[in-house]
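Keep the structure open and turn it as you read.

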Amino acid sequence: MNAMAESDSIRVDFICPQNAGRSQMASAFAERERVDRELEWIVKVHSSGTRPAESVHEEVVEAMAEVDIDVSDRSPTYVVPEDLERSHFVITMGCTVAEFNPEHYGVESHERNLTNPEGQDMETVREFRDEVQQRVEAPFDEIEEIAADRTVAKSLPQRVSEAISDVFRSKIQ
């Protein structure tokens, strides 16, 4: 496991108004994708809302449990605009990116205008969950490339140092 500084991590923020459905699903799928791709050491996943609800929607908890993801212990939180300065990707899930002026922070942003699952029947929530999962997996191809580039950049000095050491060792022997 690499020990990279927080500033070297890749931060992904999922934002929706209530932080109780869409962004919670997306962040949970992103966390799983991060583990599946062995990127826990570099990718940090966050979710927040512009008007957080008191809890994650029950239908979301139930739908996510069906795919072996437990979001029952999560709590909706407010967006902290200053945190976006450390973000690399801001993905909105039902509110507009313009609210956060991502260009001001130098952040890559993506708008995903998705319907709020609150109060929907379970079949609709399941369909929505599956769509969120697909939409989360796509940017991870790019995130994985960025992580690989950073790994190569971080390991280059180490590789050069090892090569020099090998040369000196071979001359001594």
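Predicted model: local features only at pLDDT ≥ 70, side-chain atom pairs only at ≥ 80, totals over all residues.

R86 and D83 bring their side chains together in a salt bridge, 3.0 Å from N to O; the term covers a side-chain nitrogen of Lys or Arg within 4 Å of a carboxyl oxygen of Asp or Glu. R86 is partly exposed at a relative accessible area of 46%, and D83 is partly exposed too, at 23%.

Residues are numbered from 1 along each chain as its sequence is written, and side-chain values use heavy atoms, with hydrogens and water left out.

Now the layout. The chain has four helices and four strands, and from the N terminus on they run β-α-β-α-β-α-β-α. Helices (H or I, at least four residues) and strands (E, at least two) are DSSP runs, numbered from the N terminus. Of the 173 residues in the chain, 43% count as buried.

R37 counts as buried at 19% relative accessibility, whereas D141 is partly exposed at 42%.

Stay on α4 for another pair. The side chains of R135 and E131 meet in a salt bridge of 2.9 Å, N to O. Because R135 and E131 are four residues apart in helix α4, about one helical turn separates them. R135 is partly exposed, with a relative accessible area of 32%, and E131 is also partly exposed, at 30%. Elsewhere, salt bridges link up into a network made of E66, E123, R126, R129 and D130. As a general point, side chains of opposite charge can pair when their charged atoms come close.

What about the inside? The largest nonpolar core has 33 residues, and F14, M25, V43, M64, V71, V132 and V136 touch the most other members. Such a core is a set of buried Ala, Val, Leu, Ile, Met, Phe, Trp, Tyr and Cys residues joined through side-chain atoms within 4.5 Å. At least two residues of this core come from each of β1 (10-16), α1, β2 (43-49), α2 (58-65), β3 (89-92) and α4 (122-172). Helix α4 gives the most, with eight residues.

A couple of C-alpha pairs show how the chain folds back on itself. I91, in strand β3, is buried at 3% relative accessibility. I91 and C16 are 75 residues apart in sequence, yet 8.7 Å apart in space, C-alpha to C-alpha. Q134 belongs to helix α4 and counts as exposed at 56% relative accessibility. Between Q134 and F29 there are 9.2 Å in space, C-alpha to C-alpha, and 105 residues in sequence.

Next, look at the backbone in two loops. Most residues other than glycine have a negative phi. E38 isn't a glycine, but its phi is positive, about 55°. E38 is in the loop between α1 and β2 and is exposed, with a relative accessible area of 61%. D68 also has a positive phi, near 60°, without being a glycine. D68 lies in the loop between α2 and β3 and is exposed at 73%.

E38 brings us to the surface, where D36, E38, E40 and E137 gather in a patch of negative charge. Patch members have over 30% relative accessible area and no salt bridge, and like charges are joined within 9 Å (for nonpolar side chains, namely Val, Leu, Ile, Met, Phe, Trp and Tyr, it's within 5 Å). Asp and Glu count as negative, Lys and Arg as positive, and His and the chain ends are not counted. Each charge is placed at NZ of Lys, CZ of Arg, CG of Asp or CD of Glu, and accessible areas come from the Shrake-Rupley method with a 1.4 Å probe, with only the protein chains shown counting as cover for residues.

Notes:
Buried < 20%, exposed > 50% of the residue type's maximum accessible area, 1.4 Å probe, protein only.
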